[in-house]
Amino acid sequence: MIFYEPATLEEATGLLAADEDARPLAGGATLVAMMNAELVEPTALVSLRRIASINGISVASDGTVTIGAMTTHHAVANTELLDGGQEIVRHAARVIGHPAIRNMGTMGGSISHADPAADYPAALVAANATIETFGPGGTRDIRADDFFVDFLETSLERGELVCAVRLPPSSHGATSAYEKFARVDGDFATLSVAVVMGMGTNVCSYIRVTLGSAGPTPVRADAADAALFGTKLDDDAVSAAAAILIEASDPLDDVRGSAEYRMMLVPELLRRAISGAREVRS
Ligand SMILES: Cc1cc2nc3c(=O)[nH]c(=O)nc-3n(C[C@H](O)[C@H](O)[C@H](O)COP(=O)(O)OP(=O)(O)OC[C@H]3O[C@@H](n4cnc5c(N)ncnc54)[C@H](O)[C@@H]3O)c2cc1C
């Protein structure tokens with residue numbers, strides 16, 4: 001197997017486009033484990049470590065935050081650059097695996113692998129994020145809603161790399177919360193709920209709710225958000241939204257929980273996430 005360490009995105013995508021069995025290597029937390037288990041056998045690894053332009057977190061003058069693909073979960077979990085609703089991504093980073101995984105794993109590696117039980121996908125959809133990519137066809141901006149297309153499948157094309165994730169400026173007074181239920185500390189989610197919301201005078205003025213681990217891709221439903229918008233977020237509104245989200249879900253039965261069990265968790269985790277986001281505000 002050949003190991004490449006290009007210094008530019010152009011070089012990296014050129015290497016990947018030239019060999020369909022070559023794989024990009026980010027933190028290696030998932031890819032190396034898959035190679036050890038002989039689930040994948042790349043002919044070449046194209047390390048992204050030396051490409052400085054895709055590492056780090058920055059804020060534009062309008063408040064848009066850009067998180068480079070090679071930024072570790074640890075860096076996201078500890079950044080002070082996120083504001084209001086954008087903080088959902090930090091909440092998710094803080095509960096990924098354990099410290100060794102957070103030091104190795106990267107934003108780009110996590111979302112490119114697209115594990116439905118991973119923490120970033122639901123958080124990025126709730127944050128209305130955009131994924132910036134670069135490949136043989138040039139650059140693309142893909143809405144997080146459209147990026148995750150199926151179980152372990154994204155809209156990335158051959159040779160195309162995730163360069164960064166862009167979080168829109170947080171609207172005034174927005175808050176967020178991420179509720180994750182896992183069988184044991186440090187495990188992938190049995191179910192997670194990401195909420196980004198704002199309150200007007202006693203009523204909800206903005207909300208985006210997304211479930212993780214409730215289907216092959218993050219689960220969102222406009223009707224669920226509509227059931228909460230304009231209400232005081234009382235129990236009736238939360239129950240109505242939970243019922244809509246359950247209807248929209250397509251959960252797996254696996255070692256982390258049966259489909260039925262996952263769905264039983266939805267109302268309570270949604271209630272906790274909404275109340276957590278409201279507490280941030282007060
Ligand atoms: C024990 C353990 C526990 C974990 N727990 C959790 C958890 O609780 N929550 C959670 O969300 N995750 C968890 N993870 C996964 C972890 O977050 C990994 O960081 C992540 O899945 C992969 O990130 P990486 O940077 O190591 O990518 P790699 O392993 O290097 O790559 C993963 C895949 O993405 C591709 N890739 C990498 N970077 C790019 C890019 N920029 N563009 C296109 N393709 C790219 C690779 O070719 C490979 O197919 C866990 C992993 C382990 C091993």
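Trainee: Strands here are DSSP runs of E with at least two residues, and helices are runs of H or I with at least four, both numbered from the N terminus. So where does Thr210 sit?

Mentor: This is a predicted model, and in it Thr210 belongs to strand S13.

Trainee: Is Thr210 buried or exposed?

Mentor: Thr210 counts as buried, because its relative accessibility is 0% and the cut-off for buried is under 20%.

Trainee: And what does the side chain of Thr210 reach?

Mentor: The side chain reaches the backbone nitrogen of Ala126 at a distance of 3.4 Å. Setting aside residues up to four places away in sequence, Thr210 touches Ala122, Val125, Ala126, Ser192, Val193, Ala194, Pro218, Val219 and Arg220.

Trainee: Ser192 is on that list. Which strand is Ser192 in, and what does its side chain make a polar contact with?

Mentor: Ser192 is part of strand S12, which covers residues 191–199, and its side chain makes a polar contact of 3.1 Å with the side chain of Tyr178. Ser192 is buried, with a relative accessible area of 1%.

Trainee: Changing topic to the ligand: how many residues surround it, and which are the closest?

Mentor: The ligand is surrounded by 31 residues, and the closest of them are Pro24, Ala29, Leu31, Thr106 and Asp119. By class, that shell consists of 14 nonpolar, 13 polar and 4 charged residues.

Trainee: Which polar atoms lie within reach of the ligand's oxygen atoms?

Mentor: An oxygen atom of the ligand lies 2.9 Å from a polar side-chain atom of Arg23, and a polar backbone atom of Leu31 is 2.7 Å from an oxygen atom of the ligand. For nitrogen, a polar backbone atom of Val162 is 2.9 Å from a nitrogen atom of the ligand.

Trainee: How much of the ligand's accessible area does the protein cover?

Mentor: Of the 970 Å² of accessible area that the ligand has on its own, the protein covers 89%. The elements that give two or more residues to the shell are strand S2 (22–25), helix H6 (107–113) and strand S10 (161–167).

Trainee: Which element gives the most to the shell?

Mentor: Helix H6 does, giving 5 residues to the shell around the ligand.

Trainee: Now the helices: which residues of H1 are buried?

Mentor: In helix H1, residues 9–18, the buried ones are Leu9, Ala12, Thr13 and Leu16. Viewed down the axis of H1, these buried residues fall within an arc of 90°, so they line one face of the helix.

Trainee: Why would a spacing of three or four places give one face?

Mentor: An α-helix has 3.6 residues a turn, so residues three or four places apart point the same way.

Trainee: What does the buried side of H1 pack against, and what is on the face turned away?

Mentor: The buried residues of H1 pack against S2, strand S3 (44–47), strand S6 (130–135) and S10, whereas the face turned away from the buried side carries the exposed residues Glu10 and Ala18. S2 and S10 also give residues to the shell around the ligand.

Trainee: And how many residues of H4 are buried?

Mentor: Helix H4, residues 87–94, is mostly covered, with 6 of its 8 residues buried, namely Glu87, Ile88, Val89, Arg90, Ala92 and Ala93.

Trainee: Last topic, the backbone: what is phi of Ser213 and of Leu233?

Mentor: Phi of Ser213 is near 65°, a positive value in a residue other than glycine, and phi of Leu233, which is not a glycine either, is positive too, near 60°. Ser213 lies in the loop between strand S13 (204–212) and helix H9 (222–228), while Leu233 lies in the loop between H9 and helix H10 (235–248).

Note on methods
Residues numbered from 1 in each chain as written. Predicted model: local features only at pLDDT ≥ 70, side-chain atom pairs only at ≥ 80, totals over all residues. Heavy atoms only, no water. Near = heavy atom within 4 Å. Polar contact = N/O pair within 3.5 Å; in protein donor to acceptor, adjacent residues only side chain to side chain. Areas by Shrake-Rupley, 256 points an atom, 1.4 Å probe, with all protein chains shown as cover. Nonpolar A, V, L, I, M, F, W, Y, C, P; charged D, E, K, R; others polar. Buried < 20%, exposed > 50% of the residue type's maximum accessible area, 1.4 Å probe, protein only. Arc of directions from axis to C-beta. Contact = heavy atoms within 4.5 Å.
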